[in-house]
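Hi,

Here is the structure I promised to pass on. Have a look at it first, and my notes on the side chains follow below.

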Amino acid sequence: MFDTRELGRRPGALKRVSRSVVAPKGLGIEVIGVREGATIELDLRLESVMEGVLVTGTARAPLTGECVRCLEPLERELEVDFQEMYSYPDADDRSREADTGDDAEEEDMLFLEADLFDLEPVLRDAVVLALPLQPVCREDCPGLCADCGARLADDPDHHHESADIRWAALKGLAETMRDGEKDNAPRERGDDSQEK
């Protein structure tokens, strides 16, 4: 929770805050994210406006995950910017008087509670949306061998002699035909003269 009391309700008042926070659980996606308990560095700018407090910030956090091609562990640094408006609790009453009629927008509004605001939902949205969906250890990562699972970056000349299973029946037929040709090969003339 962050306190906005020092800011007051004078529009245009400004306060800068730098803080280190502990990463909450589940700040990521299946293959990459910020490990629970990791340190997130925040640089915030709190600005008082008519309706509430506008929070603009940057978050820097260490990412851990694995390459989706070769499954090797990887570590990165994430830097993400975000901005969110936290409305004063009585701003909701004023907006009802104006009756905008947009209930979905009202549900998405965040409010100050006793001059405090919770940054976690905003931080979670910003971080998760900035994560790579297909993280790789390097752009040209060749991945794993489809046959044996060997890491192809360790052995670039890796390959297997294997036929496509869809052609196996034709290969068997071709071998049978070759064996038949050997059986039907003409005999040498010397053999015929001895029989006479």
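**Salt bridges**

Let me start with Arg 45, which is partly exposed, with a relative accessible area of 28%. Keep in mind throughout that this is a predicted model. The partner of Arg 45 is Glu 47: the two form a salt bridge whose closest N and O atoms are 3.5 Å apart. Glu 47 is partly exposed too, at 22% relative accessibility.

The structure holds six salt bridges, and a few of them are joined up. Glu 72, Arg 151 and Asp 154 are linked in a network. On one side, Glu 72 bridges to Arg 151, with 4.0 Å between the closest N and O atoms. Glu 72 sits in the loop between strand S6 (52–66) and S7, while Arg 151 is in the loop between helix H3 (120–130) and H4, so this pair ties together parts that are 79 residues apart in sequence.

Asp 154, at 58%, counts as exposed.

**Aromatic rings**

There are two aromatic pairs. Phe 2 and Phe 117 are stacked, 5.3 Å centre to centre with 15 degrees between the planes. Phe 2 belongs to strand S1 (residues 2–3) and Phe 117 to strand S9 (residues 116–117), so the contact ties together parts that are 115 residues apart in sequence. Both of these Phe residues are buried.

The other pair is Tyr 86 with Phe 117, and this one is tilted: 4.6 Å centre to centre, 35 degrees between the planes. Again distant parts of the chain are linked, with Tyr 86 in strand S7 (residues 73–87) and Phe 117 in strand S9, 31 residues apart. Tyr 86 is buried, as is Phe 117. Put together, the ring pairs make a cluster of Phe 2, Tyr 86 and Phe 117.

There is also a charge over a ring: Arg 9 lies over the face of Tyr 88, 3.8 Å from the ring centre.

**A nonpolar patch**

Finally, the surface. Trp 167, Leu 170, Leu 173 and Met 177 form a nonpolar patch there, with about 450 Å² of accessible area together. Of these residues, Met 177 lies in helix H4 (residues 168–183) and is exposed, with a relative accessible area of 52%.

Cheers

Conventions: Residues are numbered from 1 along each chain as its sequence is written. This is a predicted model: local features need pLDDT of at least 70, side-chain atom pairs count only at pLDDT 80 or more; totals for chains, interfaces and linings use all residues. Side-chain values use heavy atoms; hydrogens and water are left out. Rings of Phe, Tyr and Trp (its six-membered ring) pair if their centres lie within 6.5 Å; planes under 30 degrees apart count as stacked, over 60 as edge-to-face and the rest as tilted. Helices (H or I, at least four residues) and strands (E, at least two) are DSSP runs, numbered from the N terminus. Buried means under 20% relative accessible area, exposed over 50%, partly exposed in between (1.4 Å probe, protein chains only). A charge sits over a ring if NZ of Lys or CZ of Arg is within 6 Å of the ring centre and within 35 degrees of the ring normal. Patches are made of residues with over 30% relative accessible area and no salt bridge: like charges are joined within 9 Å, nonpolar side chains (Val, Leu, Ile, Met, Phe, Trp, Tyr) within 5 Å. Accessible areas come from the Shrake-Rupley method with a 1.4 Å probe; for residues, only the protein chains shown count as cover. A salt bridge is a side-chain nitrogen of Lys or Arg within 4 Å of a carboxyl oxygen of Asp or Glu.
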